[in-house]
Amino acid sequence: MTKPMPLVDRAPDSDAQKTVKIRAALFYYAARNYRPLIVIDECQMGSCLTDVYFLNANGMGIDCEIKVSISDLRAEIKKSKHRHWQNARRQADGSVANYFVFCIPHELLDKARPIIEENWPFAGILTLRGDGNLSVARKMRRIHALPVPEGRRKQFALWQARRYTWYMHRRLTWISRQKKRFGEVHFD
């Protein structure tokens with residue numbers, strides 16, 4: 001029987017693994033602190049994609065961007081959705097979130113903080129600690145006070161339902177393939 005590899009000898013996480021860890025911690029953090037009514041993963045906001053979008057019962061939206069490297073953060077500056085923040089108070093269509101936050105690994109905080117403060121003075125920063133939880137490195141400020149209109153909330157709810165249906169279809173397809181391949185297998 002082989003021994004498990006000690007933690008210090010393990011290879012560092014890839015960017016994809018860091019993203020998954022941050023996303024899982026973000027869902028847990030939001031459920032505990034924001035009590036979202038709708039959670040949308042990879043949501044289309046106008047012409048751009050946002051990583052995670054939370055909408056609470058009052059209609060306030062939180063746009064969360066997950067960044068795992070400085071080059072990834074610098075590429076975010078060029079996105080067209082950030083041109084709309086200045087005109088957010090004039091846009092009542094719900095295409096601009098009420099709050100904006102970056103979720104990053106803790107080791108990027110010192111390099112990322114000046115970039116975020118310069119380009120997004122209203123953005124919050126959540127960092128993933130070594131224990132797998134998120135901590136607030138910078139509080140987010142409200143961009144505007146307009147709630148997301150009812151029609152847009154329905155659109156978000158439909159988006160969430162479609163994503164869940166797509167996920168369940170993939171999961172059930174995978175299980176049926178495993179059963180065909182290996183016989184009766186229990187996935188409890």
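Predicted model: local features only at pLDDT ≥ 70, side-chain atom pairs only at ≥ 80, totals over all residues.
E65, K67, D72 and E76 are tied into one network of salt bridges, a salt bridge being a side-chain nitrogen of Lys or Arg within 4 Å of a carboxyl oxygen of Asp or Glu. Residues are numbered from 1 along each chain as its sequence is written, and side-chain values use heavy atoms, with hydrogens and water left out.

Are E65 and K67 buried or exposed? Both are buried, and E76 is buried as well; buried means under 20% relative accessible area, exposed means over 50%, and partly exposed covers what is in between (1.4 Å probe, protein chains only).

E76 leads us to helix α2 (residues 70–77), where I70, L73 and E76 are buried. These three cover an arc of only 110° around the axis, which puts them on the same side of α2; the arc is that of the directions from the helix axis to the C-beta atoms. The buried residues of α2 pack against β3 (61–66), β4 (99–105) and α3 (109–119). Helices (H or I, at least four residues) and strands (E, at least two) are DSSP runs, numbered from the N terminus.

Let's zoom out. The chain has four helices and six strands, running α-β-β-β-α-β-α-β-β-α from the N terminus on. Of its 188 residues, 37% are buried. Take the contacts (heavy atoms within 4.5 Å) between residues at least 6 apart in sequence: 57% of them join residues at least 24 apart.

K18 and E107 meet in a salt bridge at 3.9 Å, N to O. K18 sits in helix α1 and E107 in the loop between β4 and α3, so the pair ties together parts 89 residues apart in sequence. K18 is partly exposed, at 21% relative accessibility, whereas E107 is exposed at 57%. The salt-bridge count comes to six.

Now the rings. Phe, Tyr and Trp (its six-membered ring) pair if their centres lie within 6.5 Å; planes under 30 degrees apart count as stacked, over 60 as edge-to-face and the rest as tilted. There are seven aromatic pairs by that rule. In one of them, the centres of Y34 and F54 are 6.4 Å apart with the planes at 50°, so the pair is tilted. Y34 is in the loop between α1 (15–33) and β1 (38–45), and F54 is in strand β2 (residues 48–55), 20 residues apart. Y34 is partly exposed at 22%, but F54 is buried at 2%. F27, Y29, Y34 and F54 form one aromatic cluster.

F100 and W120 make another tilted pair, 6.5 Å centre to centre and 40° between the planes. F100 has a relative accessible area of 0% and W120 one of 1%.

The chain averages 78, and 77% of the residues score at least 70. Over residues 3–9 the pLDDT is below 50, and this stretch has one contact in the model beyond near neighbours in sequence. Among the elements, helix α4 (residues 150–182) has the lowest mean pLDDT (72) and strand β5 (residues 124–128) the highest (95).

Terms used. pLDDT = per-residue confidence, 0-100.
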